[in-house]
Amino acid sequence: MSNNSATLSENNQTYFDDFASSTKRPSWIIDLWSQITAEIHARRDWIGISTSFEDGSTDGNNKTYNSRLLDYACGEGTLSRNLFNYVDEAWGIDVSAGMVKSYNEQAAALGIPKGKKMVAVQGDLLSPSIDDHNGTSFAAKEWFDFDLAIMSMALHHVASPEDAVRTLVRRVKEGRSVIFIDFVSGSMVRRGESHHGMGKCGHGHGTQDLPGAHTRTREGFEEEEMKKMLVDAGCDEVGVAEFGDLTRMEVGDQVVVGRLFLAKGKGARTSM
C-alpha cells in the first residue's frame with residue numbers, strides 16, 4: 001500500500017470511528033439508507049439476488065450450501081441486516097473498528113437463528129498485507145466464494161477504485177454478482193444551486209471544501225467508467241441503473257443533493 005493509500009485508509013478509519021462513537025444518527029443518514037435499501041429490493045431480480053437464497057441454494061449436484069454475502073466497507077451493517085432474509089451468512093469488513101463494533105452489536109441484538117451467521121471484522125481488502133488484519137487472514141478460503149458482494153457509498157473513499165472492483169469480483173463465485181452504489185459524477189450540488197442531474201449539464205461546487213473531504217478521492221463516477229472497471233475485472237454482464245429520486249445530505253452546515261447509481265457486474269471470476 002502506498003503512503004498516500006495508507007494515509008487515506010487511516011483518515012477514513014479515524015473519521016468513521018468518530019462517527020460511530022456519536023450516540024444519534026441524523027435523520028438524513030436514516031433516509032439515505034432507507035432509499036438505498038428500497039432501490040436494492042426493487043431491483044432484486046436484476047441484481048441477481050435469487051429467491052432460492054432464502055431456502056438454501058444448490059450446486060450442480062443438488063447439494064445445499066449456505067448462501068453468503070460479503071458487505072465490504074460495511075459500516076454499521078445496514079445492508080447486511082436488510083439483506084439477511086436472502087442469505088444464510090453475512091460477512092462484513094470495515095477499516096473502522098468503531099463501525100465493526102456497532103455492526104456486531106446490532107447483529108447480536110437481532111438474535112441470529114441457528115445455522116445463520118452475521119459478523120464483521122476490521123480490515124482492508126485493498127492492503128497488500130491480506131494475511132493478517134487484526135488476527136483475520138483475508139487469504140483464507142472463508143473470505144472467497146461469496147454469492148453476492150456489495151460496496152455501498154464507499155468507492156469514492158478508496159485510492160484506486162479499479163483495485164476495489166477487481167478485489168470484490170475475485171471474492172464472488174463465478175456467475176454471481178458484485179454491486180457498487182455511489183454518486184453519479186457531477187450530480188452533487190449544494191442547496192440553492194441549479195441542479196442539472198445525472199452529470200450531464202455541468203457541475204455544482206461539490207463537497208471538496210466540506211467536512212470529511214480528506215477521506216474522499218472523488219465525487220462520483222460516470223456510467224461508462226463503472227462499466228469499464230467491471231469488464232476489466234472479469235465481468236461479462238454489467239449494467240448501471242440510476243436512482244429515480246435525488247439524495248439529500250447534510251455535510252457540515254451545508255445541504256447537498258446528488259443522484260446515486262447502482263452498478264452490477266456478473267460473470268467469470270478472475271484467479272484468486
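Contact here means heavy atoms within 4.5 Å. Helices (H or I, at least four residues) and strands (E, at least two) are DSSP runs, numbered from the N terminus. With those two terms ready, let's start the tour.

The model you have open is predicted, so local features need pLDDT of at least 70, side-chain atom pairs count only at pLDDT 80 or more, and totals for chains, interfaces and linings use all residues. Residues are numbered from 1 along each chain as its sequence is written, and side-chain values use heavy atoms, with hydrogens and water left out.

**Stop 1: helix 7**

Select residues 223–232, which form helix 7. Which residues are buried here? They are Met226, Met229 and Leu230; buried means under 20% relative accessible area, exposed over 50%, and partly exposed in between (1.4 Å probe, protein chains only). These three cover an arc of only 95° around the axis, which puts them on the same side of helix 7. The arc is that of the directions from the helix axis to the C-beta atoms.

Now show helix 6 (161–171), strand 7, strand 9 and strand 12: the buried residues of helix 7 pack against them. Turn to the face pointing away from the buried side, and you will find the exposed residues Glu224 and Lys228. Just after the helix, click on Gly234, which takes a positive phi of about 115°.

**Stop 2: salt bridges**

Next, show the side chains of Asp147, Lys173 and Arg176, which are linked in a network of salt bridges. A salt bridge is a side-chain nitrogen of Lys or Arg within 4 Å of a carboxyl oxygen of Asp or Glu. Asp147 pairs with Lys173, their closest N and O atoms being 3.2 Å apart. This pair links distant parts of the chain, with Asp147 in strand 6 (residues 146–152) and Lys173 in strand 7 (residues 172–183), 26 residues apart. Asp147 also meets Arg176, again at 3.2 Å from N to O. Arg176 lies in strand 7 and Asp147 in strand 6, so this pair ties together parts that are 29 residues apart in sequence. Is Asp147 buried or exposed? Asp147 is buried, at a relative accessible area of 1%, whereas Arg176 is partly exposed at 22%.

Then select Glu237 and Lys264, whose side chains form a salt bridge of 3.1 Å, N to O. Glu237 lies in strand 9 (residues 237–242) and Lys264 in strand 12 (residues 260–266), so the pair joins parts 27 residues apart in sequence. Glu237 is partly exposed at 37% relative accessibility, while Lys264 is buried at 4%. How many salt bridges does a search of the whole structure find? It finds 10.

**Stop 3: two loop residues**

Most residues other than glycine have a negative phi. Select Asp145, in the loop between strand 5 (117–122) and strand 6. Asp145 is not a glycine, yet has a positive phi of about 60°. Its relative accessible area is 27%, which makes Asp145 partly exposed.

Finish at Met153, in the loop between strand 6 and helix 6. Phi of Met153 is also positive, near 60°. Met153 is buried, with a relative accessible area of 14%.
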